[in-house]
Amino acid sequence: MYNLSFKKIWAVTKTEYVKWICNGRMFLVLILCVFINECVIQPLIQRSERMDSPINILEPFLAVGNSGIIVLILPLVYLALIADFPRVDGNTILMLPRVGKGNWFLGQLLFAVCSFHTFLLFVLGVSIVMSGNHFFVYNGWSLVVTDYEIRFPKEAGSFASDLLQKNLYNQMPPYKAALLTYLFLGAYMMLLVLIMLLFQIRKKKIFGFCISGALITFGAAFCAIHAEIKWLFPMAHSLTWVHFSDYYRKQVMPIWVSTVYFSVLSVLLILACMAALKGMNFDTIQEVD
């Protein structure tokens, strides 16, 4: 049995979080901001100004978390940010025997939760701030989203018109859509972290990174071509709008199935990590790949 201590667990979490925040890879979030602004915010603002009507405060975030190429970028950027997770250096080697395997592992799990919440809250905040004064706060979709193609039919099918799908705004109010988008994206990122953690414990970190990258890439590809095999990958389950048809209330894939999908995979990965943890040698943890 592990001698668990919340103080030690929190110490591991804080150490890992500080390393993560101070990592040079964080410059990628600046590139992500530029991408979000150019591909989401500006098209929405232009449509808002053209219609002389504001957008909902959450619509930019919903566009980022549910539209084509952009939702591919989010997990890829996050994966790049956690590429060396869990980071092991000289200080870590000295800390591990003091905190113990159980506390170290739980500290890594708590860090994983903190990291994806930080990332998603940053994306949410950036989406709102970049929208300037073009938004309103209400649990209802804007005319910019629902009526733009009616007003400007020649622009139907353009990239901007695909930012928010009928499958989403015809099926639920924006607050619920934002909550599901946030939770499913968070669950998706948690899976990526758990895969990285499992293969680090087994001293195969690069292999874990490649598997995570493949899950993202193939999941996005199968979603793009609307292949049924997409439901084997977390990408499809993280996209709220993919669960619905354009108009009918009947779900193509029930939300509860995706909830079970993420829950079962997370539990299995945690159990696999715990099994691998028993054989982890502190003296050789740096010998990865």
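Reader: Which residues make the nonpolar surface patch of about 680 Å²?

Author: W256, V260, V264, V267, L268, L271 and M274 make this patch. Patch members have over 30% relative accessible area and no salt bridge, with nonpolar side chains (Val, Leu, Ile, Met, Phe, Trp, Tyr) joined within 5 Å and like charges within 9 Å. A salt bridge is a side-chain nitrogen of Lys or Arg within 4 Å of a carboxyl oxygen of Asp or Glu. Areas follow the Shrake-Rupley method with a 1.4 Å probe, and for residues only the protein chains shown count as cover. The model is predicted: local features need pLDDT of at least 70, side-chain atom pairs count only at pLDDT 80 or more, and totals for chains, interfaces and linings use all residues. Residues are numbered from 1 along each chain as its sequence is written, and side-chain values use heavy atoms, leaving out hydrogens and water.

Reader: Where is M274 placed, and in which helix?

Author: Helices are DSSP runs (H or I, at least four residues), numbered from the N terminus. M274 belongs to helix α13 (residues 255-278).

Reader: Why does M274 count as partly exposed?

Author: Buried means under 20% relative accessible area, exposed over 50%, and partly exposed in between. M274 counts as partly exposed because its relative accessibility is 38%.

Reader: Is N167 buried or exposed?

Author: N167, in helix α9 (residues 166-169), is buried, because its relative accessible area is 8%. Its C-alpha atom is separated by 5.0 Å from that of W241, 74 residues apart along the chain.

Reader: How many residues of helix α3 are buried?

Author: In α3 (residues 59-66), eight of its eight residues are buried, including F61 and L62.

How values were computed. Helices (H or I, at least four residues) and strands (E, at least two) are DSSP runs, numbered from the N terminus. Buried means under 20% relative accessible area, exposed over 50%, partly exposed in between (1.4 Å probe, protein chains only).
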